[in-house]
Amino acid sequence: MVKQGFNGTEDQDRMSSVRLRDQRKKRVVTSVLIGLILACILFLIPLPYYIYKPGSAEEIKPMVVLHDKSQTTEEKGTFMLTTVRAETARLATYLVALVHPYQELGLKESAYQPGESQSEYTQRQVYVMRSSQSDAIQAAYKHAQIPYHISGDGVMVLRFVEGTLAASVLQTGDIITKLDDTSISSTDELRQHLSTKKPGDSVNITYKRGNETLTSELKLSALKDTNGKETGQVGLGIMNPADLQSIRPEDESKEIEVNVGDIGGPSAGLMFSLEIYNQLVPEDITKGYRIAGTGTINPEGAVGAIGGIQHKIIAADREHAEIFFAPADYTTEQGYKYTNYSDAAARAKQIGTKMKIVPVHSMDEALQYLASLPAK
């Protein structure tokens, strides 16, 4: 009897031990699941915000190619464009951005036009960069006194009207070069050709997609006004068609090609114009300095304001820039103030950089400043 009682106690202890092990396993599994759920909430689930932070400062010379490379002057210094990095916020990164001195939050919707998709936004940035390059080349040619002409390269598709057939044939980024047998070099020519058509007519579209040239037939639909009534005119169903241009010098040896990869936006215009100009003239205008900057440019060389300059200052300082060109402060006739230079100078002081912040209204002012520098 005693032996049987002993065995019964031993069995109870064993069962109790098993229960304890099972409970521990359940607690471990539960803890892991809770941890995974928290990790997903913190790091994987996107929020409707972008986090803006310092991006990169990249040398421009490898992006700019002069047709006759034998004429290119050796650069002892360098020109750099600067970028802002924008990433989708997660809860963890959102909380960090709330307290980080060099990061800021912005609603995603504020970066987009009404109804614009991610792919349409990306394509718009690509187009804006291409337009900026075109303006930079013109500004550089004018300052280097190189005659040139402008040729139309077609019409780029940026957005579609919802519910039209165009979206089933074309893609954002396609470049329309011909309708039927008529070459199309601009939106004016596109509209002029369509004005001869009526709803229900078909048109053969020739367009470029990457390195391919494609042709498709598309039935034209009637355009509607803001109240949804038909206007009697026809269209392809493309919103905001964008003209593409090429800038060609009369002297082919001075032809410039620009390749920027996946960088978008107009803010590198000033720095591109300076790099292009430097490759067109016999002297090296960098004089051995590391020169960063930002600002839009127009064909006449006027510099315009941009966003995120406080982040670009940090990016330039990381790459040991000695000079930073910033769009000068100005106030519009409507009273709106642009404070790029003041914002740049304040951030430069905040991070304790030795980089010289130089305000410029134009490419002329930037060239004058560089001409005044002693060679290193």
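So, Y336: at 53% relative accessibility, this tyrosine counts as exposed, where exposed means over 50% relative accessible area, buried under 20% and partly exposed in between, with a 1.4 Å probe and protein chains only. Y338 comes out at 31%, so Y338 is partly exposed.

Quick caveat before I go on: this is a predicted model, where local features need pLDDT of at least 70, side-chain atom pairs count only at pLDDT 80 or more, and totals for chains, interfaces and linings use all residues. Residues are numbered from 1 along each chain as its sequence is written, and side-chain values use heavy atoms, with hydrogens and water left out.

Okay, aromatics. Rings of Phe, Tyr and Trp (its six-membered ring) pair if their centres lie within 6.5 Å; planes under 30 degrees apart are stacked, over 60 edge-to-face, and the rest tilted. That rule gives 7 aromatic pairs. One of them is F325 with Y369, edge-to-face, at 6.0 Å centre to centre and 85 degrees between the planes. This pair links distant parts of the chain: F325 sits in strand β19 (residues 323-327), Y369 in helix α9 (residues 363-372), 44 residues apart. Helices (H or I, at least four residues) and strands (E, at least two) are DSSP runs, numbered from the N terminus. F325 is buried at 0% relative accessible area, while Y369 is partly exposed at 21%.

Back to our tyrosines: the ring centres of Y336 and Y338 are 4.9 Å apart with planes at 65 degrees, so that pair is edge-to-face.

Now, what does α9 pack against? Helix α6 (residues 269-280), for one, at about 55 degrees with the axes 11 Å apart. Axes here are lines fitted to C-alpha atoms, for helices over the stretch in contact, and angles run from 0 to 180 degrees between N-to-C directions. That makes α6 and α9 oblique; under 35 degrees would be roughly parallel, over 145 roughly antiparallel, 65 to 115 roughly perpendicular, and oblique is the rest. On the α6 side the contact (heavy atoms within 4.5 Å) uses L270, S273, L274 and Y277, and on the α9 side M363, A366 and L367.

Helix α3 (residues 118-143) also packs with α9, at about 55 degrees and 11 Å between axes, so α3 and α9 are oblique too. There, A139, A140 and H143 of α3 meet M363, D364 and L367 of α9.
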